[in-house]
Amino acid sequence: KISYYNGEFKQDADISIDYNDRAFYFGDGVYEVIRLYNGVFYTLEAHIDRLFRSIEKIGIKGIERNEIMEIIAGLQQQNQISNGYIYLQVSRGIDGRNHSFPVNTPPVVMAYMNTIESSAAQNEEGAAIITSEDYRWLKCDIKSLNLLPNVLEKQRAVEQGAKEAVLHRNGTVTEGTSTNVFIVKEGTLYTHPADNLILNGITRLSVLEIADELEVPVKEESFTLADLAAADEVFITSTTLEVLAVDSVDGQAVGEGLKGPMTMRIQEAFQKKTQKLNMS
Ligand code: PLP
């Protein structure tokens, strides 16, 4: 596999990361994950827009959109992958370990591609989730490399046999460690508003678009742990998981304990959108 680090495309085995890369010391950078279906990137522009919003929000300078697009094109050319994803990160650069920003140091891009064999989310019956306290910072809208709380809480989920930990601040559900969360109550779809407390997922935006197309009422309003427990349906979304039904929360069955009709409709519509890429 050919990947990219700091200006060069190389075989994975030949890449070495500079230990003065600020991504390594501080997690001082941002990233994106973009899905590729049948050789076509899904919602590429939206991901690149979000990457540059993250870049701007943390004040990284000296990186242009065309540079990122060229790296993506280069990876696609050199790797025979048509169903998979690209991981791309931009760090503030390479310099001695000082908290303050280095001067005149260019940012460092790292990127690779990988295959994803099948769209698991559509087939799976439903996933178990647990709930955890959201003790992250107040800039969760930035897709930061700093993911320690996410890592710790995801691990807690895994240790309890669950797929994801859904986070809450004082009882208000925000999002999962690497997913957005939707509930269905009496035919209405609820999800946390896109503010500083969540990452505005591109899959979340696809689901909102689908809801609009299907004329499903949506409320981008925060909801509580009690609402989550009492929901008719729950699902989580991300670029890699797509739309995944949740069948239990903290060991309690959701609704009837089966994948709900709204979740199925949204999954079907999402699948149509990604399959359409084949034809375009
Ligand atoms: N929320 C968090 C914290 C995430 O890390 C992610 C994705 O990794 C998401 C939500 C889902 O975002 P997207 O649908 O753009 O993958």
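Me: Which residue in β2 stands opposite I2?

Reply: In this predicted model, the residue of β2 that stands opposite I2 is Q11. The two strands concerned are β1, which covers residues 2-5, and β2, which covers residues 8-11.

Me: What makes β2 and β4 the edge strands?

Reply: The sheet is an open one of six strands, in the order β2-β1-β6-β5-β3-β4, with antiparallel pairing. Both β2 (8-11) and β4 (40-41) pair on one side only, and that makes them its edge strands.

Me: Why do β3 and β4 count as paired, and how many bridges join them?

Reply: There are two bridges between β3 and β4, in the antiparallel sense; the criterion is at least two, so this pair meets it. Across the pair, L36 stands opposite F41 in β4. The two strands form a hairpin with two residues between them, and in the turn N38 has a positive phi of about 50 degrees.

Me: How many bridges link β3 to β5, and which residue of β5 is the bridge partner of V33?

Reply: β3 and β5 pair over eight bridges, again in the antiparallel sense, and the bridge partner of V33 is Y87.

Me: Why is β3 called mostly covered?

Reply: A residue is buried if 20 or more other C-beta atoms lie within 10 Å of its own. Seven of the nine residues of β3 are buried, and the strand is therefore described as mostly covered. Over the protein chain, 40% of the 280 residues count as buried.

Me: Which helices lie on this sheet, and how are they directed?

Reply: Helix α2 (residues 44-57) lies across β3 (29-37), β4 and β5 (84-91), and its direction is at about 175 degrees to that of β3. Helix α3 (residues 65-78) packs on the sheet as well, where it touches β1, β2, β5 and β6 (108-115), and it makes about 160 degrees with the direction of β1.

Me: What makes F26 partly exposed, rather than buried or exposed?

Reply: F26, in helix α1 (residues 22-26), has 15 C-beta neighbours inside 10 Å. Burial would need 20 or more and exposure 12 or fewer, so F26 counts as partly exposed.

Me: Why is the protein chain said to be as compact as a globular protein of its length?

Reply: The secondary structure comes to eight helices and 16 strands. The radius of gyration of the protein chain is 19 Å, close to the 19 Å that the globule rule gives for 280 residues, so the chain is as compact as a globular protein of that length. Its C-alpha atoms fill a box of roughly 55 × 45 × 30 Å along the principal axes.

Me: Which elements supply the shell around the ligand, and of what classes are its residues?

Reply: The ligand is surrounded by 13 residues, the closest being L199, G201, I202, T203 and T239. At least two shell residues come from each of α6 (202-213) and β14 (233-238), with α6 giving the largest share, three residues. By class, the shell has eight polar, three nonpolar and two charged residues.

Definitions and conventions:
Residues numbered from 1 in each chain as written. Predicted model: local features only at pLDDT ≥ 70, side-chain atom pairs only at ≥ 80, totals over all residues. Near = placed C-beta within 6 Å. Helix = DSSP H or I, 4+ residues; strand = E, 2+ residues; numbered from the N terminus. Nonpolar A, V, L, I, M, F, W, Y, C, P; charged D, E, K, R; others polar. Rg over C-alpha atoms; globule rule 2.2 N^0.38 Å. Contact = placed C-beta atoms within 7 Å. Axes fitted to C-alpha atoms, helices over the stretch in contact; angles between N-to-C directions.
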